[in-house]
Structures are given as structure tokens and as C-alpha cells.
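Please work through the following exercises with the sequence and the model side by side. Each task is followed by a solution in steps.

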Amino acid sequence: MKFPFHTLVFLLLAISLVSCAKPLADSTDSETRTEGKSQNACKASLKTDGVCLDAIWETYPTETTVGSLLVFARSLNSDHLVKDFSTDLRVTLWMPSMGHGSSPVKVVPLQPGMFRIEKVFFIMRGDWEVRFQTPTDRATWALDF
Amino acid sequence: MGLGFLTAAAAVTAAVTATARHAAVVSAATFLFGVEFAFAGACCGGGSSVAGVILGDEKYLLGLDLDSKTITTDVSAKGVWRDRLELEEQQTLKLHLTSLISDRFQLGVSPSLVKKHRYGDTDTSLGDTSLLLAYEALPDWDYHPIRPRGTVYVSASIPTGKSVYDSQSTGFLDAAGKGYASLGLGAIFNKTISKWTAIFSTEAHHGFDKSPIRPSWGYTTSLSFSYDLASWIKGLSVQTGLSHTYQNGFHLEQSQFEGNQSLETVDALQVTAPSIGLSYSGIPFLPESEDPLVFHLTYSDQSLLGMPLNTPLGKTLTLGIRKQILR
């Protein structure tokens with residue numbers, strides 16, 4: 001009895017036509033996701049430095065345009081800006097699941113305890129982290145782009 | 001005697017022609033591996049190809065593949081799909097040069113060139129280079145109804161391409177490589193029965209540390225079927241195949257302030273891709289050659305099947321040419 005190769009191929013093709021490979025879809029639009037929490041929420045806590053980093057989008061990025069972020073360094077114990085907060089703040093964008101970042105951002109001190117993060121650009125959609133680092137502490141803000 | 005000589009010559013020609021046609025069909029099915037393997041691991045570069053393995057009666061194999069891929073979707077490590085508004089186009093030109101170095105050993109090299117287009121920018125860069133040493137462990141010198149032909153191989157990926165960690169371009173347009181070397185072991189089994197050819201391939205590999213990457217292991221498994229349509233159009237065959245790729249999570253060294261380092265864990269990747277294609281052996285209107293030129297056209301779609309994780313998904317159209325020089 002000949003092996004029914006044609007039947008096997010037909011079954012393979014039939015399975016490929018009816019199978020679904022898209023179990024989860026992200027229906028939330030980009031604008032809603034990147035808005036994040038309210039202005040008073042602490043996006044990232046530098047516990048060693050005793051600082052709460054709050055961030056709001058000045059211009060939120062899209063897949064083709066860069067954005068900018070305003071970051072406020074407030075005291076963990078109050079809502080006041082930390083005027084002696086380190087100006088040596090490093091900010092990097094990181095995609096933890098895929099293990100890569102994005103193009104470098106530019107950190108611009110505006111006034112003591114307040115910064116503008118320019119050139120914020122996410123090269124693909126997904127789960128990202130905005131990583132803040134001072135000489136003594138680091139914190140991460142996880143967001144969904 | 002003259003008639004006997006002519007009869008023998010005709011028999012030899014028929015045998016060579018049949019061998020050439022068989023080699024072309026096997027080559028056609030093998031070609032699918034070039035599409036299925038060259039998926040470009042994770043988001044940016046990588047992947048390997050065993051499309052340069054000689055599985056027929058060739059002494060030399062010269063091949064050129066041109067892949068045109070459109071990346072439409074990103075899948076997160078949790079399996080959430082997100083369609084891209086800004087699509088990425090990738091063209092990969094891959095050269096395969098393989099030669100028998102003995103009756104059963106073969107040596108091959110496959111360099112590649114990658115062109116990426118996104119955000120209105122284009123960049124062309126060298127990809128990783130594959131080296132191959134294969135051994136025909138199960139020859140088909142004598143006919144057997146079930147026993148396939150089996151080839152085992154060792155493959156090495158040389159990091160001649162830039163990785164995302166060395167990239168100077170937004171969107172990693174200049175990143176066409178993995179950034180580390182890897183070594184793999186694999187096996188390919190092929191069997192032809194009547195007009196059908198089936199090929200099963202499996203391969204496992206592990207990378208070598210190259211700062212900041214500490215790679216892990218991965219594997220790819222493929223199954224393809226080819227059907228000879230010579231009774232309809234001489235030299236034509238159709239193929240369909242399925243491949244599954246898994247890359248285990250790995251670690252990245254991250255520099256902190258004051259020279260401290262930490263290790264990041266990158267999630268595992270998996271993707272399944274069906275493909276379908278046509279191949280044609282020979283050049284139309286020209287006499288059949290003992291060393292045929294084989295043309296392939298294959299379409300592969302990573303978004304159709306399976307449960308992809310932590311990977312961009314693309315649709316690939318591949319045009320390939322193989323020059324087979326028989327033994």
C-alpha cells in the first residue's frame with residue numbers, strides 16, 4: 001500500500017489555512033497608553049536619594065516622531081521639588097523583553113529638580129522602560145508604547 | 001555494436017537527466033530552508049541558513065538568494081501583537097558556495113548583505129557569515145523504499161555583521177548581525193518517492209560570549225514537501241513547508257555607575273513560519289542540461305501559524321537561483 005503523501009500534504013495545508021496565530025491583540029491606542037498616571041503619581045522612586053521622579057509627556061512620541069518628557073524630582077516625603085537634586089541624571093530607553101534600547105535621549109536641566117528629556121523615540125511598539133540613573137541611585141518607569 | 005553504444009549513451013543520458021531532475025527537485029525543497037531559517041532573530045539581525053547543503057548528487061552548489069521581507073507586527077514576550085504603522089522593509093542577498101571535499105564530506109560558506117528601510121532611511125550592511133561542514137551519514141547508494149538519505153553537519157555563524165549593541169543608526173538599520181559567534185549541530189533527512197520529496201531538518205546551536213552579550217542556546221526544526229510537476233510543465237515543481245524556531249533567553253551585561261555591572265535577562269523567542277513555493281529547473285526553450293540552473297520563488301509568512309513570542313513578524317518573498325554541478 002502506497003503511503004498517501006498527497007493526503008498528508010493536503011492535511012498540512014488545511015491545518016495551515018484554519019489555524020489562528022494571533023491569540024492576543026492590543027486594542028489600546030498609543031495615546032491612551034503613553035498618558036500614564038496622574039500628575040501627582042510617582043513614576044519612579046529613587047529610594048536611596050529620597051526622591052520621587054514624576055514625569056508627564058510634553059510631546060508624546062509616535063512610531064515616526066520623537067517625543068519629549070518633563071521630569072520633576074520631588075521629595076518622597078512631600079510634593080516639593082528637590083532643589084539640590086543631582087544634575088548628573090542619566091536617562092536611557094530600554095526594551096527589556098528584546099534586550100535592546102533605542103536612540104539616545106538628551107537630558108536638559110530646566111531648573112533645580114526639573115528636567116526635559118528630549119529625543120524620546122521608541123523604535124518599536126511594546127513594553128518599554130525609561131531608566132533613570134544618578135551617581136547614587138537608579139529607578140525605572142515601565143510603560144507600554 | 002554501434003546501436004549498442006547509442007543505446008548505452010541514451011541510457012546514460014537518461015540517467016544523468018533523471019539525476020539532474022531529481023537533484024533539481026531536492027534543491028527546490030531544500031531552498032525553503034533559506035527562507036525559513038533566515039528569519040533574522042529577534043528584532044535585529046541574526047539567523048542562520050543551511051540552504052547551502054548539498055542533498056542531491058551535486059559536486060558543487062552555487063546559489064544566490066534574494067529575500068524581500070516586510071515586517072508588519074511586533075509580538076511581545078507575553079504574546080501581545082502590535083501592528084506597526086511604520087513598516088520595515090528588508091532585502092537580504094545571500095550567496096551559497098558549497099563543494100564536496102570528498103565523496104561524503106562537503107564544505108560551504110554563505111556570506112550575506114542586508115538592506116533595511118524604515119523611517120525614510122535606508123542602510124546596507126554586511127550580515128553574518130555561515131560556515132558549514134557536512135557529512136553524508138546515510139547515503140542512498142542503493143535503493144531502499146523507506147530509508148532516507150541523511151546528512152549531518154556542523155555549522156558556524158561568524159559575526160561579520162554589526163549587532164544592535166554596535167548600531168549607530170536609529171531603528172538599528174545598520175544592524176544585520178547577532179553580534180556573537182555560534183556553533184550548531186544539525187541533521188537533514190530527505191527521501192524521494194515517485195514525484196514526492198520530503199525533507200526533515202533539525203538543528204541546535206549555542207552562542208559564544210561577546211560583551212555585552214552572553215548568548216544561550218536555540219533550535220530550528222523544519223519539514224517540507226515537494227511535488228514534481230514535470231508531467232504538466234517540464235522542470236516545474238511545487239513545495240510547501242513549515243519551520244519552527246526557538247531561541248532561549250540570554251543575558252546582557254549592563255554597565256552602571258562607578259564601573260559596576262549587572263546582568264539583564266532577555267526573554268526567549270519563538271516563531272513558526274509556513275512557506276510555499278515554485279521552482280523551475282533549466283532555461284526555457286534551451287536544451288536540458290546535465291548541470292541545470294534552478295530558479296525558485298517562495299513566499300513565507302510568520303504571522304499565520306503558531307504562538308510567536310518576543311519577535312517581529314514578517315512576510316518574505318524569496319527569489320533564488322541555484323547552479324548545480326553534478327558529480
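The exercises below treat confidence, sheets, cores and single residues in turn.

This is a predicted model, in which local features need pLDDT of at least 70 and side-chain atom pairs count only at pLDDT 80 or more, while totals for chains, interfaces and linings use all residues. Residues are numbered from 1 along each chain as its sequence is written, and chains are lettered from A and ligands numbered from 1 in the order in which they are written.

**Exercise 1. Confidence in chain A**

Task: State the mean pLDDT of chain A, and examine residues 27-39 of that chain.

Solution. Step 1: pLDDT is the predictor's confidence in each residue, from 0 to 100. Step 2: Chain A has a mean pLDDT of 81, with 72% of its residues at 70 or more. Step 3: Over residues 27-39 of chain A, pLDDT stays under 50. For this stretch the model has 13 contacts beyond four places in sequence, a contact being a pair of residues whose C-beta atoms, placed from the backbone, lie within 7 Å.

**Exercise 2. The five-stranded sheet of chain A**

Task: Determine the strand order of the open sheet of five strands in chain A, and identify its edge strands.

Solution. Step 1: Strands (E, at least two residues) and helices (H or I, at least four) are DSSP runs, numbered from the N terminus. Two strands pair if DSSP finds at least two bridges between them. Step 2: The order is 2-3-4-8-7, with antiparallel pairing. Step 3: Strand 2 (44-46) and strand 7 (106-111) of chain A are the edge strands, each pairing on one side only. Step 4: Strands 7 and 8 of chain A run antiparallel and are joined by five bridges; across this pair, A:Val107 stands opposite A:Ile117.

**Exercise 3. The nonpolar cores**

Task: Locate the largest nonpolar core, and describe the surroundings of A:Phe122.

Solution. Step 1: A nonpolar core is a set of buried Ala, Val, Leu, Ile, Met, Phe, Trp, Tyr and Cys residues joined through C-beta atoms within 7 Å. A residue is buried if 20 or more other C-beta atoms lie within 10 Å of its own, exposed if 12 or fewer, and partly exposed in between, with C-beta atoms placed from the backbone. Step 2: The largest core has 38 residues, and A:Val51, A:Leu53, A:Val71, A:Ala73, A:Leu93, A:Ile117 and A:Phe122 have the most contacts inside it. Step 3: At least two residues of this core come from each of several strands of chain A, among them strand 3 (51-59), strand 4 (67-75) and strand 8 (114-120). Step 4: Leaving aside residues up to four places away in sequence, A:Phe122 touches A:Pro61, A:Leu93, A:Ser102, A:Trp128 and A:Phe145. Step 5: Another core, of 12 residues, lies apart from the largest one and includes B:Val53, B:Ile54, B:Tyr153 and B:Phe225. In soluble globular proteins, nonpolar side chains tend to be buried together.

**Exercise 4. Strand pairing in chain B**

Solution. Step 1: Chain B has 17 strands and one helix. Buried residues account for 46% of its 327 residues. B:Ser237 is buried, because 26 other C-beta atoms lie within 10 Å.

**Exercise 5. Backbone particulars**

Solution. Step 1: Phi of B:Ser194 is near 60°, a positive value in a residue other than glycine. B:Ser194 is exposed, with 10 other C-beta atoms within 10 Å. Step 2: The cis peptide bond joins B:Ser211 and B:Pro212, with omega about 5°. B:Pro212 is in the loop between strand 9 (196-207) and strand 10 of chain B.

Technical notes
Contact = placed C-beta atoms within 7 Å.
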